[in-house]
Amino acid sequence: MLRTLTLILAVTISACGWQLRGAPKNFPPGSKLYITTEDPRSELAESITRLLQTSGLPLAETPIEADFTLTIHKETEKKRTVSVDAKGRASEYELITSAEYSVRDNSGRDLLTNAKADVYRTLEWDDSEVVSKGEEERLQREEMRRELISRIIDRIRRLNISASVTDNPATP
């Protein structure tokens, strides 16, 4: 009975087009992706690597054995004051997490050049709750990083690997 139910569930899931999200499916079968960054301690690159490994995309250990290379050029976290209270103290902040990245194939052709992904959140601040607001900011930053990773992978998933793409409007 359990075997029959498992078989029915597997057929139903595959028939509806469901698939594990995470790994881009537009790369040719058997191709490997190498992930590099200009910051050797990049948490973003480590997180993307872990996600893609668990989703089954073959990752290259070196750039030489890679068919495609994802380069994280820059990742930034910013916090700016959006509003102040009557005493001139910040009462609301805008949190910004962003990354610039590129994708190149093994022949050196740019598939995606200087793409940028940004995530914005608003954080209300209360000086009487500094500890809890600090923890709330940390949790929001973690959530923003996950969303940033999702945006980068979604953009890679939409790449047409047979054509060059530029996300930088200043580049013709």
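Q: Hi! What should helix H2 span at 1.5 Å a residue, and how far apart are its end C-alpha atoms?
A: In this predicted model, the twelve residues of H2 (residues 43-54) should span 16 Å at 1.5 Å a residue, and the end C-alpha atoms are 17 Å apart, which agrees. The expected span is 1.5 Å times one less than the number of residues. Helices (H or I, at least four residues) and strands (E, at least two) are DSSP runs, numbered from the N terminus.

Q: Thanks. Which residues of H2 are buried?
A: Leu44, Ala45, Ser47, Ile48 and Leu52. They sit on the same side of H2, because they cover an arc of only 160 degrees around the axis; the arc is that of the directions from the helix axis to the C-beta atoms. Buried means under 20% relative accessible area, exposed over 50%, and partly exposed in between (1.4 Å probe, protein chains only).

Q: And what's on the face turned away from the buried side of H2?
A: That face carries Gln53 and Thr54, which are exposed.

Q: Which residue caps the N-terminal end of H2?
A: Ser42 does, with a side-chain oxygen 3.4 Å from the backbone nitrogen of Leu44. Just after H2, Gly56 has a positive phi of about 95 degrees.

Q: Switching topic: where is Thr76 found?
A: Thr76 belongs to strand E2 (residues 68-84). Thr76 counts as partly exposed because its relative accessibility is 23%.

Q: What does Thr76 touch?
A: Leaving out residues up to four places away in sequence, Thr76 touches Ile96, Thr97 and Ser98, where contact means heavy atoms within 4.5 Å. The side chains of Thr76 and Ser98 also make a polar contact at 2.7 Å. A polar contact is a pair of N or O atoms within 3.5 Å; within protein, one must be able to donate a hydrogen and the other to accept it, and residues adjacent in sequence count only if both atoms are side-chain atoms.

Q: What about the whole chain: how many helices and strands are there?
A: Three helices and five strands, in the order α-β-α-β-β-β-α-β along the sequence. Of the 172 residues in the chain, 34% are buried.

Q: Last one: what should I know about numbering and cut-offs?
A: Residues are numbered from 1 along each chain as its sequence is written, and side-chain values use heavy atoms, with hydrogens and water left out. As this is a predicted model, local features need pLDDT of at least 70 and side-chain atom pairs count only at pLDDT 80 or more, while totals for chains, interfaces and linings use all residues.
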